[in-house]
Amino acid sequence: MNTHDSHETIFPADPRITAYAFGELEGDELALIEAAVQADPALQAAVAELHGFADTLSLTLLREPLPPVDAQPLPEQPDLPIAAGKGIGGILTKLSSFYYLAGGLAAAGFAVLIAVRTESDRSAKPAHEAPAIMELVDGPAANAVAAKKTEAPTTTVGGKDAGLATVHFDAKLAKQASESSAARERRDADYLSVQKVVETDKVNASNRLIEVERPVAPAMAPPPPMPVQASSGSGLGAGKAGGTARAVRSQVVADGFLMAPSAQPSFSDTPAYEPGSESYDHPADNSYHSVEAEPLSTFSIDVDTASYANVRRFLTGGRLPPRDAVRIEELVNYFPYRYAPPAMTAKNPVPFAAHLEVASAPWAPAHRLVRIGIKGREFTTATRPAANLVFLLDVSGSMNSANKLPLVKESLRLLVERLRPDDHVAIVTYAGSSGLALPPTLASSKSEILAALDNLNASGSTNGAMGIRLAYDIAKAGFVTGGINRVILCTDGDFNVGVTNREELVDLITEKAKSRVFLSVFGFGMGNLKDATLESLADKGNGAYGYIDTRREAEKVFVEQAEGTLATIAKDVKIQVEFNPARVQAYRLIGYENRMLKKEDFNNDAVDAGEIGAGHTVTALYEIVPVGVDDDEAVRPAVDALKYQKTEPVAPKPKANDSPELLTVKIRYKAPEGDVSAKQEFPLIDTGMKFEKASGEFRFASAVAAWGMLLRDSPHKGSATFDQVLNWAEDGLGDDDGGYRAEFIQLVRRSAELK
Amino acid sequence: MNPEDAHENPGDFVPSAVAAHQASLQRYATRLLGGDTDRARDVVQDTFVKLMAQPRADVEGHLAEWLFTVCRHRALDVLRKEGRMKRFSEGEAERVTAAEPRPGRALEASETHAALLRLIGCLPVNQQEVIRLKFQNGFSYKEISRITEHSVTNVGFLIHTAVQRLKAEFAAQQP
């Protein structure tokens, strides 16, 4: 292709125009065609027409009925080297309409076999095929048969370790067949760990099949078992020791195995919770780092707040949240803090201001607690840039409950009311089919937008990938330079058609994020929320993840904080803290477990990080062990110094400095459409302030963090108790604009009752 | 059996692949095989058997593409073996029932869809195939090129030609 010839005439019927419209061009060719399209209204029209026709084609072809597949067996016994030596345990093998799951087998004879009858139980075949599976199980067939007999509504669960996993099936959940890859991976991990644990515990080889009884009513349900605190390291085999303590209370345990953690709540017939298949990642709490070994701590900011709303849902439903649903940084960042916005001087406009504060840590008075508070520049509806929004709405069957699609519609109605007449809105739906429910429409035609919203209803399965592609195509077609270009995805996250693999979805989003269209992800509903999938989508899509469970929450996100939800003021915001070894022995960052970066990533602009919206605040807390505190668990060496051998220090200790500074916070960020980062630095000097004297904002944030540690049963929770959390939070209540902090206090009370 | 073996068990990811792709593969194979659903079922089954033997790392990230490629090879093998290439070239008669009615628009929409499906059914087979892979299965030109062994340029040309023709014929049919 001759790229020098910028005067080459390109006609609308050029195949490259077609390829361009479908997002298939790259490199020079893309640049050439893009320039031609920008310059020629006829080409723009052709591209728009192709977009529209592609939508029609997708819609039509996606409506072609899929063949029924539930009658198709997988090969009975694969004629492949796969099974024989390696063991097929853990493979879900589909025999006609039965799913058998054979897992966990060891020489000692631990076998778990779960049979689930799917809805369309038409085949008479499996009866004689079942033994084929049994043969694959090393354990006594009796156990397997016993397991198979326990059918729904009783749920049979297999062994469990420190990780978060469950083997849980329910006859009423045909959906389970298409579990997310996250859940699948977790099951794989579980399978692995089951084996490990079994090997270490051969004595009690019997009685490993436990029936979890259905509670009669949600109010009477025992608190769900919390996943055990993962020990550091691989976590394998840690389950036995850690599991026992809680196991007694949760009563779903045998022989020290903790069963069925609430990532997939076992009480699946309990109406208030819907059959559960929620999945969460399970990072361990950040631990202490020695300043001598690691003077730098680097992480990406996170303004997501989904975890708080999700935790609230659990608590108001009368259950403690699963440990891994609690992300402390998201709890802390849920609340608006009164940090002053940056001074807007015309000469040097910075997108945000940082406010540092240090006082004693209330749960460990010898420790210091450092708060890093960042406040983004504020916009009003009038001062923000024009918006090009594409609502990407999940209208699949799973959205068909009151707190899902109806709440989505209500939320978006609220948002539409907040838009300016020059904003554009398009609506893309996805279910088994994906389609354009509303072409890009000026917000001044409000009634059209609202009518399109009203017309949506839920049915079919969820093909997220197709919808995502279409939404980004439309957002790109209407791209407003310098404006807000954003896809707003509303879903319960249960992608079960097309690309369902989390990595593939994330790859797709990563690819689409290069288009400079931002993504906001809002999770709705309960029961099969795929929390981890949604968070990683938002993360890769340059966007935020929120969880909407009530109209109240919708108002917070779409009305009170509408500008922050829409307008990004800086992206790839990273924080690096350098600690002064003359003042600090060890530190740990509270929360942000899945946002940690390598120290080199800070200056590497290619590394993606969090975004910050207009007026948003971000708060991060470090717990610090100051120099001079000895005999503290946090600074105790893993191994004592040798008595009979002299060990030379590998590197000479850095010379003590006399800087009064405790630490320096460095913040790197890019403009929303920029590629090169800028840096700001903020040093902090510790004045020895006591917690009681700290600002209300500081005390409130500390209370939220402590509450998160209690809910996670963090090893670092120190002396914190729910009562103390209440006191700290009440002290830090302030004027509580919006009543969020008062609600927090209610939730703390609730959690104290449930604990 | 040691846990490492179990962890590397090649088949572990198969069940979710089956759940996710079985139906769309079945549809693809059925079409390639001229509507023979039984044979299509065999082909899809063979595809998953092959997948079970595959190290996960080899297919991760492009699982759908891998499945469609293998499925296509299997289907063409079957056709070749049975000398039925001719049936493959006949367009399939399309009968569409509106699977997901949207009140108010259902009738009009299903008529539109049926009309467009008929037009697609009249396209040359190679164009039908790439159009479906693109708009039904969501593959990119590059992925389609690897699945069908046409060059990327060729895929682009086939899709362009098909889209232009469909667009014109479809517009001519609209009132």
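1. Let's start with a term: two strands pair if DSSP finds at least two bridges between them. Helices (H or I, at least four residues) and strands (E, at least two) are themselves DSSP runs, numbered from the N terminus. With that in hand, look at strand β10 (residues 387-394) of chain A, which pairs with strand β11 (residues 424-430) of chain A in the parallel sense, over 7 bridges.

2. Before going on, a word on what you're looking at. This is a predicted model, where local features need pLDDT of at least 70 and side-chain atom pairs count only at pLDDT 80 or more, while totals for chains, interfaces and linings use all residues. Residues are numbered from 1 along each chain as its sequence is written, and chains are lettered from A and ligands numbered from 1 in the order in which they are written.

3. Back to β10(A), which also pairs with strand β13 (residues 484-491) of chain A, again in the parallel sense over 7 bridges. Here L393(A) stands opposite C490(A) of β13(A). Is β10(A) mostly covered or mostly uncovered? Mostly covered: 8 of its 8 residues are buried (20 or more other C-beta atoms within 10 Å of a residue's own, with C-beta atoms placed from the backbone; 12 or fewer is exposed, and in between is partly exposed). On one side sit A387(A), L389(A), F391(A) and L393(A), and on the other N388(A), V390(A), L392(A) and D394(A).

4. Now follow the chain out of β10(A). Together with helix α11 (residues 405-418) of chain A and β11(A), this strand makes a right-handed β-α-β unit. Right-handed means that, with the strands pointing away from the viewer, the path from the first strand over the helix to the second runs clockwise.

5. Chain A also has an open sheet of 5 strands, in the order β6-β17-β19-β9-β8 and with antiparallel pairing. β6 (289-290) and β8 (352-361) of chain A each have a single partner strand, so one side of each lacks a neighbour in the sheet. Strands β9 (residues 364-376) and β19 (residues 617-626) of chain A run antiparallel and are joined by 8 bridges.

6. How many helices and strands does chain B have? The count is 10 helices and 0 strands. Of its 175 residues, 45% are buried. Among contacts (C-beta atoms, placed from the backbone, within 7 Å) in chain B between residues at least 6 apart in sequence, 61% join residues at least 24 apart.

7. Helix α8 (residues 125-135) of chain B has 8 of its 11 residues buried, so the rest of the structure largely encloses it. Among those buried are E129(B), R132(B) and F135(B).

8. α8(B) packs against helix α10 (residues 152-173) of chain B at about 95 degrees, with the axes 9 Å apart. Axes are lines fitted to C-alpha atoms, for helices over the stretch in contact, and angles run from 0 to 180 degrees between N-to-C directions. The two helices are therefore roughly perpendicular (65 to 115 degrees; under 35 is roughly parallel, over 145 roughly antiparallel and the rest oblique). From α8(B) the contact uses N126(B), Q127(B), V130(B), I131(B) and K134(B), and from α10(B) it uses V155(B), L158(B), I159(B), T161(B) and A162(B).

Technical notes
Contact = placed C-beta atoms within 7 Å.
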